[in-house]
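Good morning, and thank you for joining. I would like to take you through one model, from its overall form to a few individual side chains.

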Amino acid sequence: MSEQNTVKIPTFLLPIGAAAVSLAVAWGVLQSNVAHASEDRERIQAIAEEAAKKAQANGQAQAVTAARLDAIVVSLEKQEQISAKTNEQISVLVQALLKSQD
């Protein structure tokens with residue numbers, strides 16, 4: 001009676017069964033990793049797009065800043081020339097005043 005209710009598995013099928021179980025587990029892990037990777041890929045893509053927008057805006061800001069710096073340099077050069085002319089004129093006036101006091 002006990003022999004009729006038991007299941008007998010040939011011993012040569014045990015490695016095949018173990019391989020099937022490990023294959024099923026590996027497939028499940030692979031599917032989980034693929035799903036997780038696609039979520040990460042979407043998140044990384046969003047971050048990359050935002051970084052590209054910020055870089056473009058930063059590049060434009062740097063161009064504007066460079067243009068402003070050029071304008072400031074030109075303005076300072078003009079002020080330096082004006083200051084030099086003013087110093088010459090003041091020097092001439094001071095010399096004229098000193099001569100007139102003698």
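Helices are DSSP runs of H or I with at least four residues, strands are runs of E with at least two, and both are numbered from the N terminus. This is a predicted model, in which local features need pLDDT of at least 70, side-chain atom pairs count only at pLDDT 80 or more, and totals for chains, interfaces and linings use all residues. Residues are numbered from 1 along each chain as its sequence is written, and side-chain values use heavy atoms, with hydrogens and water left out.

As to burial, 0% of the 102 residues count as buried; buried means under 20% relative accessible area, exposed over 50%, and partly exposed in between, with a 1.4 Å probe and protein chains only. Ile16, which lies in helix H1 (residues 14-101), is exposed at 52%.

Which residue forms a salt bridge with Glu50? The partner is Lys54, with the closest N and O atoms 3.3 Å apart; the criterion is a side-chain nitrogen of Lys or Arg within 4 Å of a carboxyl oxygen of Asp or Glu. Both residues lie in helix H1, four residues apart, about one turn of the helix. Lys54 is exposed at 54%, whereas Glu50 is partly exposed at 46%.
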